[in-house]
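Hi,

Here is the structure I promised to pass on. Have a look at it first, then read my notes below.

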Amino acid sequence: MIQKAILLCLALVASLGTLSAQQCDLVLRGRVLHLENNQPIEAAYVWLSESATGVATDANGNFVLKNLCPGPQTIQITFLGHKEIKQSIVLNSGSNNLTFKMEEEVVALTGVEVHGHREVVQTTTAVSSLYGEALLQVRGENLGESLKRLSGVTTFSTGSTISKPVIHGLHSNRILILNNGIRLEGQQWGAEHAPEIDPFLADELTVIKGAETVRFGPEAMGGVILVNPAPLPTSKKQVTELNLIGNSNGRSGNVAVSHSGGSGKIVGLGYRIQGSTKRAGNIQTPNYFQGNTGMSETSLSSALGYSTDKLGTEAYYSFFTTELGILSDAHTGNLSDLLKIIENGAPFSNAEFSYSLANPKQVVTHHLGKIKAHYHLNPSWKLNFQYGFQSNHRQEYDKRRGELNTRPSLDLELFTNTAELFLDHNLKSHWTGSIGLHLIQQANSNVPGTGVTPLIPNYDLVNGGIYLLEKFQKGPLELEGGLRYDYRSLSTSRYLGNRLQEKTLTYQNGSAFVGGLYQINPKLAFTSNLGTAWRPPNVNELFSQGLHHGAAAVELGDTQLISEKSIKWVNSLEFESEKTTLELTAYANQIRDYIYLNPTGETFVSLRGTFNVYEYLQADAFFYGLDLSGTYSFSKQFNGYAKGSIIRAKNTETNSYFPFIPSDRMDWGLSYSFGKHADNDNNRITLSQVLVAQQSREPDFDLSPAPPGYALVNLGFSKKIKVGANGLRISVQANNLLNTEYKEYMNRFRYFTADMGRNFQLKLNYQF
Amino acid sequence: MKNLRKVTLYLTTLLTLAFASCKSEDPTKENDGEVITDVTLKFQELNASNALVGSVLSFKASDPQGIEVGKTPTIQSISLAKGKKYQMTIEVANAIKGEDITQEILTEAAAHQFFFLGQVFDSSFFSIQYADAGGIALGLKTIVTVSSSTGTNNSSMRVVLRHSLNKSFPGASNPNFANFVQAGGETDLDITFPVIFS
């Protein structure tokens, strides 16, 4: 460090000295990246021998050297654990732009650390992540709720415990969730089917807001969510993290532990084991309890990895199980019941607090296992292989008579195999890319004995894809493009009464994207990405035929539906200076043959009463919107942030609006840090406000009008305490501090109940 | 290198097995256990000393397919004499599974209750009392009194079966409780029978 400082001083003096001597006004800009994964290298040292000037790269790997003289120069770049770069360059007039890629040093040298291999997504699409401090703040919340902190991401929820992430107005099967690199395959088609994943397993949650079908396969139309664990340790260091969380509303408790370490004997061998468990009771709104809204959840994950300089291998397993109560009043027998409770606007049952769960409820378990390996054929070429197995078991219980009450009325088992083989190249020239094969196989079975005609048939699905990605990177410019072709075959069979119905459907589609990033100056970057995506109709959209229990609706599928095809254009501008960060994302998404559930306006009469009839239709849709987020440091201690998003979505064929599109919203907050010592950020108080407008763009038919807009105030305090060499963090947070009664348009239970009232949360995080 | 080849071979075999064994089960026929296909209202006259007299009049509502779109249930008209008192019993069955659900409702009397509504009660053509064994409010057995002056010969009665309700909710002991939804629970049956007076 001191050496660097001295060099810098020397450089400064030297450059001052030469400044007056000749026409030395040239500028050299450049970027230093890891050869392995193209990630920027921070604090690599760049030195120009002839000019005797040097500089360290910033967080984005960028460097600028000014006041250089024309002529030949020797550039030297050094970074710990990497091979030094020494290259002759010739500086011409004007500005010069160069990109350097540093190769990791071979491990043969004793004492050199083997780096954990972290897969990073290379994309020119707008990306937002939650990690570190921001992730700590959302610990204990489910995936949907956690991601709400990112602008452009909202939730589509069913009560307070079930929430699905929505990216730019799209959710469920129109976005993808990756659990440590494997497409999460559950029964995502249902509005009340939450993603089967525990955010505690991640040390980073990333949202890619573009159409990413080429990279990840069909359905990645609105965006992709990456739930990424930390890279496995490769050194002997052992780390244990403990989280304890308690909430006053729902009187819930949440414990999470993770332990990771490496082997001292075998260099490059690392492991991690992580688990969490949660228990909650009935949720309280400002004026009443919501009956039967408790839940329990347990999850476990473990990973074992071994890496050398050439080979990286990893085995991973995660398990997730949950039992969720569904607000009993939301389960209605027929249309007149439904209308009565909507008219009332609140549950009829006068519930009290309880942890016990009764029907209706869901019991879901999900297992995911994967093995992954990569092999560096040579410094530029890497062969990757990944296989994942998933088993998803979903049981939904309804209020039923007699012995049937103990049996689920929906009981589905879904098995998924995914295999991926791809070859990456990262050439010393400006080109990187990969070519790959992607296979998905799925088998869905209804477990017999429910006493209910299954909502969706048993099916087998095979999807094969081949893709090609290439990226060109030079100086401040990155350009990328990709192509993919997919073939999908779906064969289904089921009994409708006594009649066996069998069907085989095939879909095939190509998709492509082009994108670019331009670093306008060290503070400002612009990205643009235009991508196509497709989504074959889901099994429920094809085959639903009958009563959707609890929703008082009869839903009719259509086997003639064709694939949805979309083209999404995302543009993003990022500004980062010492005091300010600003991120603006604008997008437009044109979807052809968008599949939606349309009320037919007809009713169906049975002995049980009347039901509304809905059918799946297709129409062209157009989504567009803006996300804005920014932070500003008023002083070292006083910081502010604001973010907001606007979405517009229209059925362009009927010129009408779709239901459940997030309304305009923003939140902002101020934080003040203080402390006794030099590190004066040990204590922090944060005050924030969430503002949500009423959805004025409502569909032609809705069971009740959109609820009015609302504002919520949150107040938090966090403290860092040093316990020996370890860190303890304590935080107290009050959400909905004023106990405001409100209904969120994106919550399907807004028909029946107000949202959650005030909640006090206590959080402890201890690392040792 | 030899080892690597071996590993690759094992892996390929394992994967082939994994992919080959991933097959969905053959579908099985599922008999809808929850469905009610037949509801029969049986009326028998009660004389002045509350003894059963005369023959049983039986009126049925049926929907052989259960809940299936495009089919509407067949509902017979109830035909009763003015000024008379009847004992009404309700029988509920699932013809698809050949199950008598009446007994199940009786067993779970604490979680079930029939409510009787519609024009016959609004216009006081009928009055009704629960008459189930043990004096409970269930409605499988009731006593119906037909008014002697009905003004019209055509009316209607709505029969609702609720389950998982709070039976001690204020007002729920009344068989004509119109706000039954407020007592919580779910509707199992909601049938409107035409009524003809003779």
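Predicted model: local features only at pLDDT ≥ 70, side-chain atom pairs only at ≥ 80, totals over all residues.

**What I found**

A:Phe634 sits in the loop that links strand E32 (609-633) and strand E33 (638-651) of chain A. Is A:Phe634 buried or exposed? The residue counts as exposed, because it has 11 C-beta neighbours inside 10 Å, and 12 or fewer is the cut-off for that label. For a sense of distance, A:Asn92 is 542 residues away from A:Phe634 in sequence, and the two C-alpha atoms are 41 Å apart in space.

**Strands in chain A**

Strand E23 pairs with strand E24 (residues 458-474) of chain A in the antiparallel sense, over 14 bridges. If you want one pair to click on, A:Thr432 has A:Lys471 in E24(A) as its bridge partner.

E24(A) also runs antiparallel to strand E25 (residues 477-496) of chain A, and 17 bridges join these two. Here you can pick out A:Ile466, which stands opposite A:Tyr485 in E25(A). E24(A) and E25(A) make a hairpin with two residues between them. In that turn, A:Gly475 has a positive phi of about 55 degrees. One thing to remember while you look at strands: in a regular strand, side chains alternate between the two faces of the sheet.

Chain A also has an open sheet of four strands, in the order E3-E2-E5-E6, with antiparallel pairing. Which strands stand at the edges? They are strand E3 (53-56) and strand E6 (85-91) of chain A; each has a single partner strand, so one side of each is left without a neighbour in the sheet. From one strand to the next, the twist averages 20 degrees. Inside this sheet, strand E2 (residues 45-48) and strand E5 (residues 71-78) of chain A run antiparallel and are joined by four bridges. A:Leu48 has A:Ile75 as its bridge partner in E5(A).

**Over to chain B**

Chain B has three helices and 11 strands. Reading from the N terminus, its elements go α-β-β-β-β-β-β-α-β-α-β-β-β-β. Its C-alpha atoms fill a box of roughly 100 × 35 × 25 Å along the principal axes. Chain B has a radius of gyration of 26 Å, whereas a compact globule of 198 residues would have one near 16 Å. Of the 198 residues in chain B, 32% count as buried. Among its contacts between residues at least 6 apart in sequence, 69% join residues at least 24 apart.

B:Lys60 counts as partly exposed because it has 15 C-beta neighbours inside 10 Å. Not counting residues up to four places away in sequence, B:Lys60 touches B:Asp38, B:Val39, B:Thr40 and B:Gln76. B:Ile75 is 15 residues from B:Lys60 in sequence, with 6.2 Å between their C-alpha atoms.

**Where the chains meet**

The contact takes 51 residues from chain A and 37 residues from chain B. On the side of chain B that touches chain A, helix H1 (2-21) and strand E11 (186-197) each supply at least two residues. The largest share of that side, six residues, comes from E11(B). By type, the residues on that side of chain B divide into 14 nonpolar, 11 polar and 12 charged.

Enjoy exploring!

Key:
Residues numbered from 1 in each chain as written. Chains lettered and ligands numbered in written order. Buried ≥ 20, exposed ≤ 12 C-beta atoms within 10 Å, placed from the backbone. Pairing = 2+ DSSP bridges. Contact = placed C-beta atoms within 7 Å. Nonpolar A, V, L, I, M, F, W, Y, C, P; charged D, E, K, R; others polar. Axes fitted to C-alpha atoms, helices over the stretch in contact; angles between N-to-C directions. Rg over C-alpha atoms; globule rule 2.2 N^0.38 Å.
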